Amino acid sequence: MSKPLNIGIIGGGFMGRTHSNAYRRVTNFFDLEYQPVLKAICALPEDAARSFAERWGFESFETDWRKLIARDDIDVVDICLPNNLHREVAIAAAAAGKIILCEKPLAMNTAEGQEMVDAVEKAGVANLVSYNYRRIPAVTLARQIVESGKLGRIFHYRANFLQDWTIAADLPQGGDALWRLDVAAAGSGVTGDLLAHCIDTALWLNGPMVDVNAMTETFITERTHQLTGKVEKVGIDDACTFFCHFKNGSLGLFEATRYARGHKALYTFEINGEHASIKWDLHDLHRLEFFDHADDSQVRGWRSIHVSDGDHPYMDHWWVPGLQIGYEHSFVHQVADFLTGIAKGEAVAPTFRDALETQKVCEAVLASAKGHSWQQV
Ligand code: SOE
């Protein structure tokens with residue numbers, strides 16, 4: 001018989017939905033000691049909170065996140081808020097002894113992130129940051145292949161995250177959904193929003209970075225702010241490109257933009273090693289491409305592995321071999337792993353401390369672009 005674990009989600013936007021969906025589905029597919037119970041959603045305005053609670057099956061709703069954290073019947077505080085609210089909410093939740101799942105990036109900057117790490121570690125509460133792409137089976141398989149040593153010495157790590165949804169100059173900034181364009185809410189543009197994903201995966205697959213050299217650009221410099229109704233300066237980076245040295249001696253090349261017409265969410269990475277290479281593409285997320293130089297030269301070539309067999313990561317929990325899963329399942333896996341870690345009393349990566357490393361890279365990237373200089377991470 002599984003034990004109830006009461007969930008309180010703060011934030012009823014896109015991420016609030018992905019997390020709610022994950023808690024609802026996880027025990028249909030994974031045997032867990034804990035059964036998540038959707039206790040409370042916190043959102044604004046009240047109508048939105050009420051209808052979110054009804055649609056997703058929450059027992060109750062709140063409009064003040066402090067009230068949700070103060071409730072004795074909440075075990076897990078799940079933060080799905082704009083970046084500028086992560087710090088305050090996470091520190092309050094840690095002080096209240098709650099387990100915390102926080103959306104990425106961890107914080108607005110490294111100093112804030114460090115405070116959050118200190119808070120959860122002092123409180124001794126389980127904590128996880130939602131870098132969900134790690135838990136797409138093909139990406140987890142990439143990690144297993146790297147760990148097996150099949151690639152040999154690594155020479156290159158290359159990643160892109162390309163979108164095109166902010167090209168229109170009349171798109172406002174700020175407020176619901178568009179807070180990502182408002183530097184006061186987001187901290188940065190594509191660096192914290194998109195490159196943070198690429199960096200998290202890269203640190204996981206290829207180890208720490210030593211130094212970075214970056215350039216950023218803001219293509220649309222003024223936008224109407226949804227909350228004030230005024231035309232305001234845009235403070236975010238619309239595009240960012242950087243290169244880096246990894247500690248293992250390999251070279252890294254990264255690009256993120258919201259101005260790549262035709263690309264909606266093209267997250268790709270490629271690793272080139274001495275013996276073999278791998279590459280992955282979010283638009284074809286169930287496939288991992290693998291090239292092995294040790295293959296017989298007559299049949300040597302890129303293999304496209306359909307990561308849907310029972311012995312592929314996570315796949316034995318889903319349908320029958322050959323039938324694929326998608327984006328939402330990465331969040332189900334995240335919750336399954338987190339609840340398993342909580343039951344065992346073990347940390348699950350990326351913890352706040354792990355995610356602080358990504359934050360440090362983002363900060364070095366932004367400093368490098370600003371100062372036109374190499375920056376140590
Ligand atoms: C932005 O468009 C966004 O939704 C990011 O905020 C997510 O983290 C990314 O996974 C998809 O793109």
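Visitor: How do the residues of the shell around the ligand divide into nonpolar, polar and charged?

Guide: The model is a predicted one. In it, the ligand is surrounded by Gln 163, Arg 180, Asp 193, His 197 and Ala 265. Sorted by class, the residues of this shell are one nonpolar, two polar and two charged.

Visitor: Into which domains is the protein chain divided, and how many Å separate their centres?

Guide: Domain 1 covers 3-133 and domain 2 covers 134-376. The contact between them takes 40 residues from domain 1 and 44 residues from domain 2. Taken over C-alpha atoms, the separation of the two centres is 23 Å.

Visitor: Which element gives the most to the side of domain 1 that touches domain 2?

Guide: The elements that give two or more residues to that side are α1 (14-29), β2 (34-42), β5 (99-103), α5 and β6 (127-130). The residues of that side divide into 24 nonpolar, 13 polar and three charged. With eight residues, the element that gives the most is α1.

Visitor: Which strands stand at the edges of the open sheet of six strands?

Guide: The order of this sheet is β3-β2-β1-β4-β5-β6, with parallel pairing. Its twist averages 25 degrees from one strand to the next. Each edge strand has a single partner, so one side of each is left without a neighbour in the sheet; these strands are β3 (60-62) and β6.

Visitor: What is the bridge partner of Ile 9 in β2?

Guide: Strand β1 (residues 3-10) and β2 run parallel and are joined by eight bridges. In β2, the partner of Ile 9 is Ile 41.

Visitor: Are α4 and α5 roughly parallel or roughly antiparallel?

Guide: Helix α4 (residues 86-95) and helix α5 (residues 110-123) pack with their axes 8 Å apart, at an angle of about 10 degrees. Angles under 35 degrees count as roughly parallel. Therefore α4 is, relative to α5, roughly parallel.

Visitor: How do the residues of the contact of α4 with α5 divide by class?

Guide: α4 contributes Arg 87, Ala 90, Ile 91, Ala 94 and Ala 95, while the residues from α5 include Glu 112, Glu 115 and Met 116. The division is eight nonpolar, no polar and three charged.

Visitor: Which strands stand at the edges of the open sheet of nine strands?

Guide: Here the order is β16-β15-β14-β13-β7-β12-β11-β8-β17, and the pairing is mixed. Each edge strand has a single partner strand, so one side of each lacks a neighbour in the sheet; the two are β16 (303-306) and β17 (375-376).

Visitor: At about what angle to β8 does α10 run?

Guide: Helix α6 (residues 137-148) lies across β13, β14 and β15 (287-292), running at about 165 degrees to β14. Helix α10 (residues 352-371) lies across β8 (209-217), β11 (239-246) and β17, and its angle to β8 is about 50 degrees.

Visitor: How do the residues of the contact of α6 with α8 divide by class?

Guide: α6 and helix α8 (residues 190-206) pack at about 30 degrees, with axes 9 Å apart, and the two are therefore roughly parallel to each other. Val 139, Ala 142, Arg 143 and Val 146 of α6 meet Thr 201, Trp 204 and Leu 205 of α8. These residues divide into five nonpolar, one polar and one charged.

Visitor: What is omega for the cis peptide bond that joins Ala 349 and Pro 350?

Guide: Most peptide bonds are trans. A cis bond joins Lys 104 and Pro 105, with omega about -15 degrees, and Pro 105 lies in the loop between β5 and α5. Pro 350 is found in the loop between α9 (327-344) and α10. For the cis bond from Ala 349 to Pro 350, omega is about 0 degrees.

Notes:
Residues are numbered from 1 along each chain as its sequence is written. This is a predicted model: local features need pLDDT of at least 70, side-chain atom pairs count only at pLDDT 80 or more; totals for chains, interfaces and linings use all residues. A residue is near a molecule or strand if its C-beta atom, placed from the backbone, lies within 6 Å of it. Ala, Val, Leu, Ile, Met, Phe, Trp, Tyr, Cys and Pro count as nonpolar, Asp, Glu, Lys and Arg as charged, and the others, Gly among them, as polar. Axes are lines fitted to C-alpha atoms, for helices over the stretch in contact, and angles run from 0 to 180 degrees between N-to-C directions. Helices (H or I, at least four residues) and strands (E, at least two) are DSSP runs, numbered from the N terminus. Angles under 35 degrees count as roughly parallel, over 145 as roughly antiparallel, 65 to 115 as roughly perpendicular and the rest as oblique. Two residues are in contact if their C-beta atoms, placed from the backbone, lie within 7 Å. Two strands pair if DSSP finds at least two bridges between them. Domain bounds come from an automatic or database domain assignment.
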